[in-house]
Amino acid sequence: MQELTTRAAVVTPGPDGTGAARNAELRDLVEALTHQHARKADHVASAGRMRAEGGNLLLTGHEPVLSAEGVTLTDQALRPTSVADEGIAEKLRIPLAYLRRMRTELPALYDANVNGWLEADPSRKLMLRTFTPGDGDGGVGVLRAVLSDSYRRIDNFDVLVSALEGIRQSGHDIDITGCDLSDRRMVVRIESRSVRVMAPELLKGYRSPFTGQTGDQLPVVSAGFVLANSEVGSGAYTLTPRITVQVCTNGLTMTKDAYRAVHLGARMDEGLIRVSEDTDAKHLALIQAQTRDAVTTFLDREYVETKLRAIEREAGREVADPAKTIETIGKKLRFSESVQASVLNHFIRGGQPTAGGILQAITATAQTIQDADAAYELEAQALAAMALV
């Protein structure tokens, strides 16, 4: 049996040197976002201004430089992240696994493939989201994402500030119980201090794998929601309701009720992108309004009780063969072998031989995963997994 991992706050330098976070506090997230904000540079450029060189992407004619010979346009080398690889593969229709293999094993072949497809449609415009080079980067920046020129930017720092202002305006007393930041997305978990609901049926016979306390001793869940945003095309800005089990802090997100703001706007002209203050103000005002609406809807006792009773009606189904059931669920929802093993381990430790026990085992596993994106996606699958029991 695998040893259970513990939940811990982690704040580390990301691969781009701008910081990553898992289960961090709000101040750590703000610090990382501030650092990132100072280095952001977004461009709309034609494919004819791009070329691959040594596994990096070169943006030509990037910035004018004055010298004794006059004004010349410099090139900017950009190192793609794994998310940017996905964008390059999708836009150029190169299989992602093959693209990554070429970069690792045969960079010259990578360059030839990428350049060949860029040259096939040189007038095509793309948005490049980048970080400018930092100290020690040798003048090489970071290519964060390759997106459509109609992609609407909704940036993490602005989202966070606006959402917190929306919560303040609502007057609701909340705690921020954890923040994640990765190359792919920002996630902020918000919990009400006052809206708590009894859940004896959901927690009957359950034992926390973290504390050993039982759900019979503390049969309570609290209202909350998750704020998530991707700056790099990995999903809409969302506000998703979430209930937290007090005995173990397992979180259950209800994705069907989420508010979404899709990153889609008008096509943009070529060049460095600068957004007007008026456009920014309108976007941020909408985020504030949506957050106030989310607080009103999701942090409401009646809403939580209605959702909870529906979950409890499904949670009591007995699980006759846990290993087989979890294997079947894992195949359908594409859980890795290590996640399946962890879910089974948490199921056994939880002592609840029901569909609700599998729900708890999946959300407990999500807490122990250090990959912020994998944890976010696993927690979002918990209700779908319970429905498969």
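Reply:

**The aromatic cluster**

One aromatic cluster is formed by Phe225, Tyr259, Phe298 and Tyr303. The model is a predicted one, in which local features need pLDDT of at least 70, side-chain atom pairs count only at pLDDT 80 or more, and totals for chains, interfaces and linings use all residues. Residues are numbered from 1 along each chain as its sequence is written, and side-chain values use heavy atoms, with hydrogens and water left out.

The structure contains 3 aromatic pairs. Rings of Phe, Tyr and Trp (its six-membered ring) pair if their centres lie within 6.5 Å; planes under 30 degrees apart are called stacked, those over 60 edge-to-face, and the rest tilted. For Tyr259 and Phe298, the ring centres are 5.6 Å apart and the planes stand at 70°, so this pair is edge-to-face. Because Tyr259 belongs to strand 14 (residues 259-261) and Phe298 to helix 7 (residues 277-298), the pair ties together parts that are 39 residues apart in sequence. Helices (H or I, at least four residues) and strands (E, at least two) are DSSP runs, numbered from the N terminus.

Phe298 also pairs with Tyr303: their ring centres are 5.7 Å apart and their planes lie at 45°, so this pair is tilted.

Tyr259, with a relative accessible area of 25%, is partly exposed.

Notes:
Buried < 20%, exposed > 50% of the residue type's maximum accessible area, 1.4 Å probe, protein only.
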